[in-house]
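Dear colleague,

I am passing on the structure below, together with some notes on its salt bridges. Please look through it first and then read on.

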Amino acid sequence: MTDVVVVESPSKAKTINKYLGDQFTVLASFGHVRDLPPKDGSVRPEQDFAMDWAADERGDKQVSAIARALKGARTLYLATDPDREGEAISWHVRAMLEEKHALRGIEVRRVTFNEITRNAVRTAMARPRELDQPLIEAYLARRALDYLVGFTLSPVLWRKLPGSRSAGRVQSVALRLICEREAEIEVFRSREYWSIEAGFTTPAGAPFTARLTHLAGRKLDQFDLADEASALRAKAAVEAGRFDVASVERRRVKRHPQPPFTTSTVQQEASRKLGFGAQQTMRLAQQLYEGMEIGGETVGLITYMRTDGVQMAGEAIGAIRGHVESAFGRDYLPAAPRLYTTKAKNAQEAHEAIRPTDVARTPEAVARYLNPDQRRLYELIWRRAVASQMQSAELDQVSVEIADGETRLRATGSIVAFDGFLKLYREDRDDAEGEEDGHMLPPMAERDPLRTGAVAASQHFTQPPPRYSEASLVKKMEELGIGRPSTYASILSVLQDRNYVRLDKRRFIPEDRGRLVTAFLTSFFERYVDSGFTAGLESQLDDISGGRADWRAVMRAFWQEFSGAVEQTRELKISDVIAALDQDLGPHFFPPRPDGGDARLCTACGTGRLGLKLGRYGSFIGCSNYPACQYTRKLAMEGEAAEAGTLKEGLRLLGAHPDSGEEISVRRGPYGLYVQQGEPPPNGEKAAGEKAGGEKAGRTAKPKRSALPRGMDGDTMTLDQALGLLALPRVIGPHPETGEPIEAGLGRFGPYVRMGGVFASLDADDDVLSVGLNRAVDVLARKLASVRTLGNHPKDQAPVLVRKGRFGPYAQHGNSVATLPRDVSMDDITLDQAVKLLAEKGKVLAPRGAKAKGRGRAAKPAAKAPALAPASKPKPVAKAQPTAKPKAKPKPKAKAKPAARPAARRKAAG
């Protein structure tokens with residue numbers, strides 16, 4: 001009879017099973033076993049925040065395995081991680097086991113350990129406890145908050161701001177920080193200033209440098225020397241002076257070591273020193289925590305890495321002090337242990353700082369068991385923890401004042417008198433000037449005469465505030481109290497995954513999509529993206545985890561105000577949204593012109609005003625004179641350039657069509673550049689040359705258009721290139737083996753070649769206008785490896801194909817597809833079998849983008865049927881004929897309407 005222990009990861013389960021022996025069965029939950037289903041109604045405020053939980057296949061499988069192992073056991077030990085998420089996982093495991101009636105007669109206990117070592121695990125097993133209900137309720141409140149904000153606010157974004165992805169309780173505040181910093185940089189105006197430095201020589205002949213601080217008896221501020229003329233006057237005054245040492249000030253200062261790492265500080269320092277992202281740091285730390293195989297036994301190398309405590313266990317401090325004395329000597333050991341306390345308001349003091357589990361495992365000793373990244377992070381953690389118990393460093397700082405009447409200069413320097421903890425570890429800083437450690441001034445005394453050397457006037461310009469790095473953003477979020485250190489890595493990852501921000505040279509730059517979302521939220525939900533409000537909510541959640549607040553009371557107060565704010569936006573007009581965003585983001589989209597002209601003046605028509613527009617698929621810049629002026633500019637919504645330097649005027653004439661004489665132009669639309677033949681006729685008029693029967697005589701009633709392939713430049717496009725695009729698809733030639741014609745065209749997914757029913761995409765460096773027969777055959781040959789032509793269908797002689805799909809091989813005839821039976825291979829099926837299969841089980845796929853009649857929705861494809869290759873000219877969907885009613889005269893209100901109208905009405909209403 002064995003008891004059961006549940007941990008989170010299988011590697012941890014294997015290690016702990018070795019520690020505990022055969023009397024225990026250790027199983028892994030593989031993290032969370034269930035969660036709120038991502039659909040409406042999973043959290044129901046009207047039922048006092050009742051929640052529905054659902055397990056995925058993996059979670060249900062793991063809990064079932066635990067239930068089987070419990071047969072005959074007396075005790076279930078829930079040993080998940082020692083934090084809020086770990087407590088929640090234990091609660092979910094217990095609840096699912098209770099639903100399976102697997103806990104009858106079984107005692108359930110909770111155990112936690114801060115490190116995975118034999119002693120720590122056995123000690124924890126000897127001191128079990130009950131589940132921490134306040135911590136579980138804090139988890140429930142956080143999960144409900146995040147769900148309600150996401151599932152309530154995100155649909156508002158989708159309706160009012162097309163192209164946006166989602167909003168989150170904490171991620172939106174972090175995004176606002178990044179966007180506001182970018183706005184500060186955009187409005188920043190650099191100021192010029194100058195400084196004067198002079199070289200001097202002491203009576204002993206030793207050189208040093210000093211900076212001008214006082215001129216004409218007045219202390220100089222940063223901008224007092226604002227131009228070259230004033231700087232040269234100051235330089236001349238220094239050059240004309242006779243200087244002596246006015247005073248020498250010496251002092252010794254101490255610099256104390258930093259405490260060992262918390263989750264936040266290890267992410268910051270790993271970013272600065274190692275160049276690791278927050279997620280990479282946490283992933284590596286998890287591996288070091290769960291352990292490595294060393295000396296035939298798996299041991300954890302560091303303590304638990306999700307913590308905001310800075311204290312260490314007494315035995316760990318003692319071991320580190322012993323190592324410091326033996327490795328560095330008594331001079332490097334402080335008289336008493338250093339005891340650190342957390343400054344963070346909501347720190348969980350029960351958790352230790354991140355430290356090595358055994359200080360004797362030096363980075364050099366374990367290096368051969370670790371990969372390079374693991375070794376670098378372990379060394380960083382080890383050095384920080386050991387340095388935290390070392391003696392303070394001592395620095396001698398010297399300040400020398402140099403004077404000639406009312407002109408004064410100052411020289412400063414410092415030197416490390418005793419390195420102390422600096423012998424092992426120095427903390428990096430964000431955006432800080434280099435320090436002057438090691439810069440020593442020569443000996444000098446008051447009234448020493450000095451010989452003046454070269455005097456230099458240096459020009460400087462003020463710099464804008466730096467963009468946030470991962471380290472500085474994490475530090476800022478921690479200072480403001482938004483989110484919690486354990487969530488920072490996932491928050492930064494979500495912002496990048498949503499294409500709201502991008503990392504450039506390890507600095508966050510907001511994308512236009514991110515700025516639009518932030519502008520919308522600050523305009524209409526300002527309270528909920530305010531750092532003060534979010535930090536206050538975090539404090540309430542911490543009160544819940546401490547048993548000082550009722551979680552449902554906190555939720556009721558939040559939901560009452562939040563749901564009211566969302567309700568107020570239901571009648572919000574798109575024009576109101578555009579006006580708010582246009583005003584907020586005007587300086588970004590329309591920066592001042594160098595010539596001082598109107599930045600919003602349309603460069604195409606010369607009279608219209610440029611402004612932000614919202615289309616069905618997102619935002620773009622358009623002219624107020626639309627439709628007379630069709631100038632548009634795409635926003636950079638996917639981290640790409642916004643094509644601001646291409647076709648700036650919005651329209652460029654290339655020449656006349658050689659046959660019809662119509663103008664050929666390249667234009668900018670909301671979704672990119674395109675070429676156009678002719679102009680649409682005025683409403684109600686026929687195009688010139690159109691015959692009475694509707695046939696056209698060379699000219700087009702509706703302009704013919706073609707999109708520009710990626711990489712083609714609208715500013716350098718020629719008339720021949722445009723004519724070639726308008727003539728697509730073009731015949732390249734017959735296939736050398738089958739004789740079938742091969743065509744090249746431009747489809748929805750880019751340039752392609754086609755032979756019969758087989759389409760194959762061209763590569764980015766292929767030119768659809770000039771691709772030759774050999775290249776087309778090669779591209780098709782690769783495609784044909786996954787497509788087999790069986791022959792022509794007996795009814796219409798159209799080709800019948802067999803293709804490889806995501807869900808297995810299938811037969812295709814036109815838009816009809818049928819999955820092959822499992823016992824029939826793609827190579828063995830015959831034409832007759834395929835025709836029969838299509839007749840019996842074939843399902844018709846509507847063309848891409850076709851609307852279901854009367855519903856305004858895209859037709860639902862057949863189950864498990866792969867997408868068809870893009871067609872160059874999809875056939876229009878035939879309109880259904882109204883059914884005649886011989887006796888009843890139809891009422892006017894019952895008149896059939898076009899299928900697209902309901903969708904149009906919904907769009908207007910939304």
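Arg 527 counts as partly exposed because its relative accessibility is 40%, where buried means under 20% relative accessible area, exposed means over 50% and partly exposed lies in between, with a 1.4 Å probe and protein chains only. Arg 527 forms a salt bridge with Glu 561, and their closest N and O atoms are 2.9 Å apart; the term stands for a side-chain nitrogen of Lys or Arg within 4 Å of a carboxyl oxygen of Asp or Glu. This pair joins distant parts of the chain, 34 residues apart, with Arg 527 in the loop between α15 (512–524) and α16 (531–545) and Glu 561 in helix α17 (residues 551–568). Glu 561 is partly exposed too, since its relative accessible area is 42%. Helices are DSSP runs (H or I, at least four residues), numbered from the N terminus.

Please bear in mind that this is a predicted model, in which local features need pLDDT of at least 70 and side-chain atom pairs count only at pLDDT 80 or more, while totals for chains, interfaces and linings use all residues. Residues are numbered from 1 along each chain as its sequence is written, and side-chain values use heavy atoms, leaving out hydrogens and water.

A second pair, Arg 272 and Glu 269, has its closest N and O atoms 2.8 Å apart in a salt bridge; both residues are buried, and both belong to helix α8 (residues 263–274), three residues or about one turn of the helix apart.

Across the whole structure, the search finds 40 salt bridges, and a network of them links Arg 142, Asp 146, Arg 169, Glu 538 and Asp 542.

Best wishes

Methods. Helices (H or I, at least four residues) and strands (E, at least two) are DSSP runs, numbered from the N terminus.
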